[in-house]
Amino acid sequence: MTSKNTGNYRFPEGFLWGAATAAYQIEGSSMADGAGASIWDRFSHTPGMMLNGDTGDVACDHYNRWREDIDLMTRLNLQAYRFSVSWSRVMPEGRGRINDQGLAFYDRLIDGLLEKGIEPLCTLYHWDLPAALDDRGGWLNPDIADWFADYGQVLFEKFKGRVKTWGTINEPWVIVDGGYLHGALAPGHKSAFEAMIAGHNVLRAHGAAVKRFREVGEGQIGIVLNIEPKYPASDKPEDEAARKRAEAQMNRWFLDPLMGRGYPEELKDVYGEAYREFPQEDFDLIATPTDWMGLNWYTRSVPENAPDAWPVRARPVKQIQHAHTETGWEVYPPALTDTLVWLHEQTGGKLPLMVTENGSAWYDPPHAIDGRIQDPMRVDYLKNHLKALHDAIGKGVDIRGYMAWSLLDNLEWSLGYSKRFGITHVNFLTQERTIKDSGLLYAEVIKTHGEVL
Ligand SMILES: CO[C@H](O)c1c[n+]2c([nH]1)[C@H](O)[C@@H](O)[C@H](O)[C@H]2CO
């Protein structure tokens, strides 16, 4: 029984409560109705790339079940829904031709959300690059900045007045570190030289889209970054140097240029001969002012010096004193407070922030038992991270909302369906949805503005 506290976790009026997903992880039917292939269609159908050979061909069948899922959102009391658009559903070749049927899916979805009083938060890009653009070099081709701005313009104009809050790119760091440096994610490249170039073009594309939005769009636009705070493993100088390299490579590589500071100095040490300079006009474009910033936050890490750990030469020390999720991430809520305070400082306190993803993967059964999914670990994670978020607000950080990751159990990229992050359970044999105990708690948090915590 959750005792009603003195409301000391009541969130500010107007705080926006929602949940998040991404196109390739939930939609399925990725080639339906004239859609073009994405790099994830290719990657997931490449033998050996996906755990258990899982693909996004069906996923949560959201492409067909979107009405049912909007009803689910209303049962969860959601005020907002963060989703991404599949670029190749809308523009099969990534540029030029528009696929009206693909655009119509998002048109119906957005109208359905608005009819239920749920605010649509639209992410232009959540990792599923059109395969046809990858054939032209993808993020390695500097022309992609214009391709991306042209794609953004299609959505800005189509959904003007209905979508008020836009995200350009979800997590530049994961796109580049996963897709171009280590190769664990699509398109599966492994090159520090490519990583520097791809990272720069991702940032340029963001800037070009923001500029285009200022010309044709309406509302607020920002970018979504993953930040994983790095805590010192010891007071040894070599461990602090490792911590700084890890912080620069994950948390500041993209943040600093967006804030007009250029790349962090430590990147030269991390990438060595692969590091390169770029013209100032690029950095001016990258730092085009935005209206808000999204933070995707899951955990912290405690890196120690590790000369063999290419290219950052740092390795996390497992914090065995705390619980770890199914993805091996330490549960340490105070680090969320620290990150929000740090980000507030790094952005000069001028950019409203939103926690655009936060959640945890735990074992859940493949189907509901007596109509219920009990997920006490996820309930605990949710409660304690919302309290940590509230602590950050109490420290003066301007946080406008929280989007739980995720609305649904879904395709966890190359880990397939093995990791369940949903506050709603999906039986992938029947597509039956069951709101988990964590979802029931979240609905109550929203209803009580946090006082139930
Ligand atoms: C490395 O953690 C990142 O912040 C991160 C975690 N996650 C993400 N980014 C992605 O935005 C989602 O698509 C993932 O499903 C989700 C769960 O893994």
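Reply: First, a word on naming: helices here are DSSP runs of H or I with at least four residues, strands are DSSP runs of E with at least two, and both are numbered from the N terminus. Also keep in mind that this is a predicted model.

Next, look at the oxygen atoms of the ligand. One such oxygen atom lies 2.7 Å from a polar side-chain atom of Gln25. For His126, an N or O atom of the side chain is 2.9 Å from an oxygen atom of the ligand. Asn170 comes in at 3.0 Å, again counted from an N or O atom in its side chain to a ligand oxygen atom. How much of the ligand does the protein bury? On its own the ligand would expose 420 Å², and the protein buries 90% of that.

You'll find Glu412 in the loop between strand 10 (399–405) and strand 11 (424–427). Is Glu412 buried or exposed? Its relative accessibility is 14%, so Glu412 counts as buried, the cut-off being under 20%. Along the chain, Glu412 and Leu51 are 361 residues apart, yet in space their C-alpha atoms are 9.8 Å apart. The loop that holds Glu412 has another feature to look for. Ser406 is also in the loop between strand 10 and strand 11, and a cis peptide bond with omega of about 10 degrees joins Trp405 to Ser406.

Pro311 sits in the loop between strand 7 and strand 8 (314–316). With a relative accessibility of 5%, Pro311 counts as buried. Tyr271 is 40 residues from Pro311 in sequence, and the two are 6.5 Å apart in space, C-alpha to C-alpha.

Now take the loop between strand 6 (292–296) and strand 7 (303–305), where Arg300 has its place. Arg300 counts as buried, at 9% relative accessibility. What does the side chain of Arg300 contact? It makes a polar contact of 2.8 Å with the side chain of Glu330.

Helix 8 (residues 172–181) is worth a stop as well. 10 of its 10 residues are buried, so helix 8 is largely enclosed by the rest of the structure. Among those buried residues are Pro172, Trp173, Asp177 and Tyr180. Just past the end of helix 8 comes Gly183, with a positive phi of about 80 degrees.

Asp33 is in the loop between helix 1 (23–26) and helix 2 (39–44), while Asn52 belongs to the loop between helix 2 and helix 3 (62–75). How do their surfaces look? Asp33 is partly exposed, with 34% relative accessible area, whereas Asn52 is exposed, at 63%.

Last stop: Asn141, in the loop between helix 6 (131–134) and helix 7 (144–158). Asn141 counts as buried, at 16% relative accessibility. Asn201 is 60 residues away along the chain, and the C-alpha atoms of Asn141 and Asn201 are separated by 7.5 Å.

Methods: Residues numbered from 1 in each chain as written. Predicted model: local features only at pLDDT ≥ 70, side-chain atom pairs only at ≥ 80, totals over all residues. Heavy atoms only, no water. Buried < 20%, exposed > 50% of the residue type's maximum accessible area, 1.4 Å probe, protein only. Polar contact = N/O pair within 3.5 Å; in protein donor to acceptor, adjacent residues only side chain to side chain. Areas by Shrake-Rupley, 256 points an atom, 1.4 Å probe, with all protein chains shown as cover.
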